[in-house]
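Please keep the picture open beside the text as you read.

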Amino acid sequence: MSTVTLDNAKVERQPLVSTDSWYEASARQRVEGLLDANSFVEFIGPEMREISPHLALFDLPEQFDDGMVVGLGRIDGAPVLVAAQEGRFMGGAFGEVHGAKLKGLLRAARDMASMPVLILFDTGGVRLQEANAGELAIAEIMRALMEARFAGVPVVGLVGGRSGCYGGGGLIAGSCSALAVSEQGRISVSGPEVIETNRGVEEFDSKDRALVWRTMGGKHRRLIGGAEVFADDTIESFRNAARYLIELAPAPTLDTLEAEQARLAQRIHDFGDCADALDIWRSLGASEPETIPALSYEAFVALADRLQEPRHDAR
Amino acid sequence: METLNYRNKAQQRAKGTRRQAIVGVVASGNLEVLVERILPDGECEVDIRTAAEGFGEVWQAVIADFVERRSPGGLKLSINDGGARPDTVALRLAQAVSAMEGERT
């Protein structure tokens, strides 16, 4: 009898989701788990083989979706547009096709002006083998994103993948209406190795993982107000965060921009002299800042809510 | 990059009604398999683009074993390979056929 029960349990599971961890999941598993069961319809799916026109020149393997999954689905029955980067294919980097799929989705969102957009970031930035096309894509995506927001569309970024959210991805994240980040997520523009290469190991030691995480990681981003929601590393937690932020996303009005400017000015005023994230956390009022990296999800959320209220009028 | 193509006779049509599925990602030691139900019931074709050149015989053996075990009739499998080991390839091929056994289209 026990075998029968096991088999039944297996059948009821969603076919593609074999992990609860957002970090461990692939782009497709995240999309599948984030949306209502069987609601996802992909645009320009892998069967269309819209691969990178550049990688063959470098004798590099292509991926049929170029590392970007875009489409339409539902959360609690309400339609949402979704874009997900596959961080394991070329570090989730933006190439020509990869970027064009996100830009096209955002322009569709702008024109329809009826559905929010979720961007599941997992990227090291621009793909250097197609750097010019990738850089152009970043600029075009930011424009399309802002146009969508001006048309009243909430654009929510979710960050918790193995490649973090770096380079142009960090710029796009900064353009979003709101962000959710997990402890594993990292948000920045120049990544650790880029900083070390350009400024020297005395400036930033990219091998020092604790330094990387407390400077760019999800906990720090939540504490300095760079992300509205700190998510647990589960697909369910990101789904809840997405739901919550779609409702709360501020419209990009003059008031919002002024609130954002004030928030950033306050940040420089409060933390401009700090040499390390630990100093920032201490000046926020954390009595034992060195314990923060090891705090559990629940303990950190409670601490963060006490130290730094998320600002929903800004960004 | 090396391009390989194998056509095999399959004993039976692959189970399920799904028309296509994709499993895996292209990364070091990994591969993606796009599987489409577009061939006559007794045929199976595997199209491969791989970063690791010179392993045609190993691919042929892994695919012959796969067709023998899973009987993936009617399926075309297209592979982008980032230098996966034969056991990983076998696993992904099996995963691709399992994905096709679902009811979704």
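## A sheet and its helices in chain B

Helix α2 (residues 86-100) of chain B lies across β2, β3 and β5 of chain B, running at about 35° to β3(B). Helices (H or I, at least four residues) and strands (E, at least two) are DSSP runs, numbered from the N terminus. Axes are lines fitted to C-alpha atoms, for helices over the stretch in contact, and angles run from 0 to 180 degrees between N-to-C directions.

A word on the source: this is a predicted model, in which local features need pLDDT of at least 70 and side-chain atom pairs count only at pLDDT 80 or more, while totals for chains, interfaces and linings use all residues. Residues are numbered from 1 along each chain as its sequence is written, and chains are lettered from A and ligands numbered from 1 in the order in which they are written.

The sheet itself is open and has five strands in the order β1-β4-β5-β3-β2 (chain B), with mixed pairing. Its edge strands are β1 (2-9) and β2 of chain B, each of which pairs on one side only. From one strand to the next, the twist averages 10°. Helix α1 (residues 56-70) of chain B also packs on the sheet, where it touches β1 and β4 (43-50) of chain B, and its direction makes about 30° with that of β1(B). Contact here has a simple rule: the C-beta atoms of two residues, placed from the backbone, lie within 7 Å.

Two strand pairs, one from each chain, can be set side by side. Strands pair if DSSP finds at least two bridges between them.

| Strands | Sense | Bridges | Residues standing opposite |
|---|---|---|---|
| β3(B) and β5(B) (residues 75-81) | antiparallel | seven bridges | Leu34(B) and Ser78(B) |
| β4(A) (residues 117-121) and β5(A) | parallel | five bridges | Leu118(A) and Val156(A) |

## An annotated serine

Ser28(B) sits in the loop between β2 (20-23) and β3 (31-37) of chain B. Ser28(B) counts as exposed because it has 10 C-beta neighbours inside 10 Å. Beyond its neighbours within four places in sequence, Ser28(B) is in contact with Gly82(B) and Gly83(B).

## Inside chain A

Strand β5 (residues 155-159) of chain A is largely enclosed by the rest of the structure, because five of its five residues are buried. On one side these are Val155(A), Gly157(A) and Val159(A), and on the other Val156(A) and Leu158(A). Helix α5 (residues 168-175) of chain A is largely enclosed too, because six of its eight residues are buried. Its cover includes β4, α4, β5 and β6 (178-182) of chain A.

Ala242(A) touches residues including Leu118(A), Val156(A) and Leu158(A), not counting residues up to four places away in sequence.

## Where the chains meet

The contact takes 13 residues from chain A and 17 residues from chain B.

How values were computed: A residue is buried if 20 or more other C-beta atoms lie within 10 Å of its own, exposed if 12 or fewer, and partly exposed in between; C-beta atoms are placed from the backbone.
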